[in-house]
Amino acid sequence: MGKRKTGTPGNEDEQCRYACLSCMEVWYVAAEATPYVKVGGLADVAGELPRNLSQLGVRIRLCLPLHESMTIPADGVDSLSLDIPAEGGMEPCTVYAWVDDDLPVQVYDLPRWFARERVYGYPDDGERYAAFCLAVAAHAVLHGNPPSILHLNDWHTAPLAMLTRHAPASGPGAVLRQVRTLLTIHSMEYQGVARPSLADRFGLGSRVMEKDGAEWHGGFNALKSGIAWADAINTVSPTYSRDILRPGNGFGLESFLAQRVRGLPPSLYAGILNRLDKSWDPAVDKGIAERYTDRSLQRRRSNAAALRRELCLPETDGPMAAYVGRLVHGKGIGLLMEAAPVLMEKGLQLVILGAGDSEFQERLTAMAAAHPGSLSFQCGFDAPLAHRIYAGADMLIMPSLHEACGLSQQIAMRYGCLPVVRKTGGLADTVMDGDNGFVFTKESGFALFRAMRRAMKTFSNHGRWEEMMRNAMRTDSSWESSAKAYISIYSRLMGDSGVKNSLL
Ligand code: GLC
């Protein structure tokens with residue numbers, strides 16, 4: 001929205017912001033969010049950002065599907081039944097709503113689609129998340145206080161942008177036409193491509209299956225449907241927001257996205273870094289052997305000793321580096337496996353925690369057996385162990401081939417564990433070579449090897465290493481400025497929507 005002339009220039013922005021805050025109602029819609037359900041980094045962001053926005057005065061609700069592993073609190077829960085369109089009729093959905101630590105949460109119970117062990121990875125994922133989108137849309141229509149903004153995340157919820165744009169002009173569904181949408185892209189890699197008839201499930205059929213819409217090589221592309229029709233788009237780091245517009249970098253959608261971005265006002269396409277809650281703090285972490293701050297770094301040694309004991313690695317004066325993350329090609333685990341044997345020969349101890357492609361898992365199991373005392377491979381996801389690793393390891397290796405933002409490198413920095421990263425996406429935006437970590441550019445095991453050698457050399461200079469640890473621990477990774485950047489997108493959406501006036 002435009003600046004108002006108030007005669008008190010110092011307060012203009014604040015007044016503008018709060019005028020908008022008081023009239024916006026945001027529903028933050030995601031497939032996963034901590035502490036309820038987590039597969040990847042999306043869950044951390046969806047768990048933390050809405051709370052931070054709420055603390056800044058935004059009226060925001062978190063909307064999630066009810067996954068099998070989630071539990072509804074015993075008290076203080078409202079419920080509502082609604083029907084969503086299904087093949088050949090309607091299908092029931094129950095919405096449970098409660099307030100968790102000041103944040104309103106709405107979960108959508110669609111047992112046919114979500115009473116399953118996993119969050120993703122089924123052949124009918126497209127149908128499943130379509131049902132979730134339809135339930136959120138139906139709820140928005142019925143709600144006494146409908147959302148003015150739907151904040152969508154990744155392909156799972158992107159079709160809500162398409163649904164609001166194609167809402168009927170009259171009747172109850174017309175409420176959706178007033179809703180503005182922001183699509184946050186956490187990953188271009190996963191697009192939710194399904195059979196073309198999925199468009200019918202949304203009640204839109206051939207209307208949306210066009211080249212400039214949801215059509216993709218004859219199928220329905222959920223992420224593309226969001227890119228086509230969202231009112232604003234952002235990604236989770238400035239570098240990634242530029243990278244994915246370049247040929248070869250947007251998993252096939254780069255030129256379509258670039259074309260859409262050209263049609264948006266510049267302020268409605270942004271790269272906003274994901275940040276971390278205050279709870280990621282070695283000074284208060286109850287799960288580590290000894291708590292510490294940047295003024296008591298010597299205490300970190302007990303954490304290193306405890307970690308070595310736990311993982312059966314011998315006590316040494318040399319460095320211990322870790323990899324914590326999914327074992328998939330895109331995260332660069334292949335680069336690490338190439339560099340690891342020589343690094344271990346040079347005295348590096350290596351801890352790898354993660355699960356993923358069975359080929360990587362098998363090769364790592366074999367490598368660990370061949371290097372006892374140098375490599376500990378922990379197959380699986382283990383959040384408490386990850387904390388002990390951040391507190392005890394000296395370096396965190398993130399050789400990602402692409403990384404929208406990356407949270408582990410920021411967590412590691414909070415814990416004084418120096419990140420060694422490839423210069424891509426959010427890694428390039430958060431790690432400064434020689435200051436709070438080490439950065440390499442080339443997508444090769446040798447480039448990683450060289451960066452690790454530099455890190456190992458620096459490690460042997462105790463004073464210099466401590467200085468870098470302190471720099472890392474003092475790097476600002478709090479949510480505040482990113483949350484404010486989201487508020488300014490919300491405000492712009494409200495400003496040009498006309499919704500503001502109708503609600504004031
Ligand atoms: C995805 C991206 C990761 C990002 C996270 C949260 O997992 O791969 O880079 O940090 O989403 O946005």
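This is a predicted model: local features need pLDDT of at least 70, side-chain atom pairs count only at pLDDT 80 or more; totals for chains, interfaces and linings use all residues.
Trainee: How far is the side chain of His186 from the ligand?
Mentor: An N or O atom of that His186 side chain sits 2.5 Å from a ligand oxygen.

Trainee: And the backbone of Ala404 and Gly406, how far are they from a ligand oxygen?
Mentor: For Ala404, a backbone N or O atom is 3.2 Å from an oxygen of the ligand. For Gly406, a backbone N or O atom is 2.8 Å from a ligand oxygen.

Trainee: How much of the ligand does the protein bury?
Mentor: The protein buries 88% of the 300 Å² that the ligand exposes when taken alone.

Trainee: New topic. What domains does the protein have?
Mentor: The assignment gives domain 1, made of 26–275 + 480–503, and domain 2, which is 297–473.

Trainee: How far apart are the domain centres?
Mentor: The C-alpha centres of domain 1 and domain 2 are 34 Å apart.

Trainee: How many residues are in contact across the two domains?
Mentor: 16 from domain 1 are in contact with 13 from domain 2. The two domains bury about 1,100 Å² between them. Of that area, 59% is on carbon and sulfur atoms.

Trainee: Last thing. What's the mean pLDDT?
Mentor: The mean is 94, and 94% of residues reach 70 or more. Residues 1–10 are below 50, and that stretch has 15 contacts beyond near neighbours in sequence. Residues 497–504 are also below 50, with eleven such contacts.

How values were computed: Residues are numbered from 1 along each chain as its sequence is written. Side-chain values use heavy atoms; hydrogens and water are left out. pLDDT is the predictor's confidence in each residue, from 0 to 100. Contact means heavy atoms within 4.5 Å. A polar contact is a pair of N or O atoms within 3.5 Å; within protein, one must be able to donate a hydrogen and the other to accept it, and residues adjacent in sequence count only if both atoms are side-chain atoms. Accessible areas come from the Shrake-Rupley method with a 1.4 Å probe; for residues, only the protein chains shown count as cover. Domain bounds come from an automatic or database domain assignment. Buried area is the accessible area (1.4 Å probe) that two parts lose on being put together, summed over both.
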